[in-house]
Amino acid sequence: MNEFLQNAGAGLHAPGWLLLLLLALVPLLVRGHAAFPYPSISRLPEDELSLWIERFWRWAGALAIAAIAVALSGPYWGEKQLEKVGRGAHVMIVLDRSASMNDSFADSAKNDSESKMSAARRVLQSFVNQSREDLLGMVTFSTSPILVAPLGGDREAVLAALRATEAGGMGFTAVARGLGMALDYFEGRPVTGARAILLVSDGGAHLDVKTQDTLREMFHRQGASLYWVYLRSANGVSIKSAPEDEDLDAYPEHQLHDYFKSLGVNYHIYEAESPKAVEEALADIAELKNQPVKYYEAAARQDLSWIFYLLSLLCVAALFALHLTEVKRWRAV
């Protein structure tokens with residue numbers, strides 16, 4: 001029965017209490033009237049009003065017991081998925097957790113010694129808090145990627161994952177594996193809004209041809225845009241200027257940037273040399289992804305127990321009123 005109710009959008013917290021419904025048969029089957037000491041009243045005409053009052057009495061008692069049993073079982077109206085239309089996107093944050101993220105920015109001489117990870121965490125927390133109508137998820141990566149928050153509307157999970165980055169990074173930068181895991185979480189989901197991959201990293205990587213083809217196919221299949229916030233290290237190269245020599249293998253950041261430009265999807269890069277630059281980049285991204293989006297929001301279930309408690313109270317009040325009109329003994333004539 002509980003499964004049937006759930007299919008109809010309702011359910012019971014404790015269906016075991018429904019066994020008390022058997023007690024509702026007692027008022028219908030057991031005769032509890034006191035017998036008067038008179039040999040026969042068969043010659044008296046039938047009183048239709050009394051018959052209907054007796055039936056009401058019995059059914060009111062049965063309904064009171066049944067209502068209490070249902071109320072104790074905890075009925076509720078199930079969660080609803082409310083379709084809403086706002087402005088936002090489906091965003092998977094891909095955050096670099098490699099050891100180099102513990103270093104300072106390129107222009108650390110002009111700013112305080114805040115690390116790239118600390119600045120990224122602080123600004124991303126603000127970004128998540130302001131993304132009220134977005135669906136957000138998060139993947140962190142260093143040597144291997146880790147899903148820390150699945151794509152959805154649970155911002156607290158994303159914020160908790162960002163707080164966990166205070167432990168510091170380790171390992172090297174495996175960008176491709178992090179991007180691949182993030183793109184996988186768009187698989188099978190209806191396209192109800194703009195899709196975006198937000199890559200926050202301080203380094204590049206050398207991708208073999210097979211990996212490049214796989215990522216390119218995934219980006220096209222999911223229809224996702226790519227935003228790269230490049231956190232430039234103190235000794236890191238600048239994406240803004242082309243390398244002086246022709247050996248791109250010595251500049252993995254440039255190699256990765258050139259590959260992203262060849263993906264054939266909407267791609268933007270933001271080179272951040274300071275915490276302030278990170279804030280400006282994410283503010284710009286927030287505007288770029290501000291497009292109409294359809295999303296679903298779960299409405300809290302509604303407890304229906306009070307309705308059955310109220311019904312039981314009304315039945316008991318009716319029984320008490322009828323009890324006051326009951327004849328306890330015959331009047332002397």
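Arg-121, Leu-124, Gln-125, Val-128 and Asn-129 of helix α4 are in contact (heavy atoms within 4.5 Å) with Arg-155, Val-158, Leu-159, Leu-162 and Arg-163 of helix α5. The residues of this contact comprise five nonpolar, two polar and three charged; Ala, Val, Leu, Ile, Met, Phe, Trp, Tyr, Cys and Pro count as nonpolar, Asp, Glu, Lys and Arg as charged, and the others, Gly among them, as polar. The model is predicted, with pLDDT of at least 70 required for local features and 80 or more for side-chain atom pairs, whereas totals for chains, interfaces and linings use all residues. Residues are numbered from 1 along each chain as its sequence is written, and side-chain values use heavy atoms, with hydrogens and water left out.

Helix α4 spans residues 116–130 and helix α5 residues 155–163; their axes lie 10 Å apart at an angle of about 175°. Axes are lines fitted to C-alpha atoms, for helices over the stretch in contact, and angles run from 0 to 180 degrees between N-to-C directions. The two helices α4 and α5 are therefore roughly antiparallel (angles over 145 degrees).

Strand β7 (residues 224–231) is largely enclosed by the rest of the structure, because eight of its eight residues are buried (under 20% relative accessible area, 1.4 Å probe, protein chains only). Ala-224, Leu-226, Trp-228 and Tyr-230 point one way from β7, while Ser-225, Tyr-227, Val-229 and Leu-231 point the other way.

Strand β7 runs parallel to strand β6 (residues 194–201), to which seven bridges join it; Ser-201 stands opposite Tyr-230 of β7. Strand β8 (residues 267–272) also pairs with β7 in the parallel sense, over six bridges (pairing requires at least two DSSP bridges). Within β8, Ile-269 is the bridge partner of Trp-228.

Technical notes: Helix = DSSP H or I, 4+ residues; strand = E, 2+ residues; numbered from the N terminus. Parallel < 35°, antiparallel > 145°, perpendicular 65-115°, else oblique. Buried < 20%, exposed > 50% of the residue type's maximum accessible area, 1.4 Å probe, protein only.
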